[in-house]
Amino acid sequence: MFNTYLNFNGNCAEAFRFYERCFGGKIEFLQTFGESPMKDSVQPDQYGLVMHVTLNVDGDALMGSDAPPERYEKPQGMYVSIAPKTFEAGERIFKELSAGGKVEMPFQKTFWAAGFGMTEDRFGIPWMVNCEFPVAT
């Protein structure tokens, strides 16, 4: 079993509130460093950083945290791939994810998918939105 865990540079809470709305999920847990038993191991200016957050979307978990500023690295060499059930849902999600970000491949029909697109959202997270064709029975 795989779960995606995203690191942010101080804007994890904002990103996950956006993802909660965009994907229609529910944040099940969010704790800052200042609210945790680890409070004494971080500087006071880091108390508001997210130590851990879990977003549930239809039984799938998307998790994340704010990396300590000296340890944050921009994601590269990977994408978070999502598979909306319909072209319309994929198009809506892609538009929301790409707003304020950077589109790498516009959302469109391809030979392998009813709709596919690649974008980096405004939080620096790279996404692939892939609406596969229905399987013939």
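These are my notebook entries on a predicted model.

**Entry 1: the open sheet**

I began with the strands. Four of them form an open sheet, and I read the order as S1-S4-S3-S2. The pairing in this sheet is mixed. Strands S1 (4-8) and S2 (26-32) are the edges, as each pairs on one side only.

Helix H1 (residues 12-23) packs on it and touches S1, S2, S3 and strand S4 (60-66). The direction of H1 makes about 5° with that of S3.

I also followed one pairing through. S2 and strand S3 (residues 50-57) are antiparallel, with six bridges. For Gln31, I found His52 in S3 as the bridge partner. A reminder to myself: strands of a sheet pair through backbone hydrogen bonds, either parallel or antiparallel.

**Entry 2: two hairpins**

S6 and S7 form a hairpin with four residues between them. They run antiparallel, and four bridges join them. Lys102 stands opposite Glu120 in S7.

S7 and S8 form a hairpin too, with five residues between them. Seven bridges join these antiparallel strands. Here I noted that Gly115 stands opposite Cys131 in S8. In the turn, Gly124 has a positive phi of about 90°.

Seven of the eight are buried, so S7 is largely enclosed by the rest of the structure.

**Entry 3: the nonpolar core**

I looked for the largest nonpolar core and found 27 residues in it. Phe8, Phe16, Tyr19, Phe23, Leu97 and Trp127 have the most contacts inside this core. Which elements supply at least two residues each? I listed S1, H1, S3, strand S5 (80-82), helix H2 (87-98) and strand S8 (126-132). H1 gives the largest share, eight residues. As a general point, nonpolar side chains in soluble globular proteins tend to be buried together.

Then I picked out Trp127. I left aside residues up to four places away in sequence. Among the residues that Trp127 touches are Tyr19, Phe23, Leu62, Tyr79, Leu97 and Met118.

**Entry 4: aromatic rings**

I looked up the aromatic pairs and found 12 in the structure. I wrote down two.

Phe18 and Phe123 are tilted, with 5.9 Å centre to centre and 50° between the planes. This pair links distant parts of the chain, 105 residues apart. Phe18 lies in helix H1, and Phe123 is in the loop between strand S7 (113-120) and S8.

Phe87 lies in helix H2 and Phe107 in strand S6 (residues 102-108), so the pair ties together parts that are 20 residues apart in sequence. Phe87 is partly exposed at 28% relative accessibility. Phe107 is buried at 13%.

Arg122 lies over its face, at 4.5 Å from the ring centre. Phe18 also belongs to one aromatic cluster with Phe8, Phe16, Tyr19, Phe23, Phe123 and Trp127.

Definitions and conventions: Residues are numbered from 1 along each chain as its sequence is written. This is a predicted model: local features need pLDDT of at least 70, side-chain atom pairs count only at pLDDT 80 or more; totals for chains, interfaces and linings use all residues. Side-chain values use heavy atoms; hydrogens and water are left out. Two strands pair if DSSP finds at least two bridges between them. Contact means heavy atoms within 4.5 Å. Axes are lines fitted to C-alpha atoms, for helices over the stretch in contact, and angles run from 0 to 180 degrees between N-to-C directions. A nonpolar core is a set of buried Ala, Val, Leu, Ile, Met, Phe, Trp, Tyr and Cys residues joined through side-chain atoms within 4.5 Å. Buried means under 20% relative accessible area, exposed over 50%, partly exposed in between (1.4 Å probe, protein chains only). Rings of Phe, Tyr and Trp (its six-membered ring) pair if their centres lie within 6.5 Å; planes under 30 degrees apart count as stacked, over 60 as edge-to-face and the rest as tilted. A charge sits over a ring if NZ of Lys or CZ of Arg is within 6 Å of the ring centre and within 35 degrees of the ring normal.
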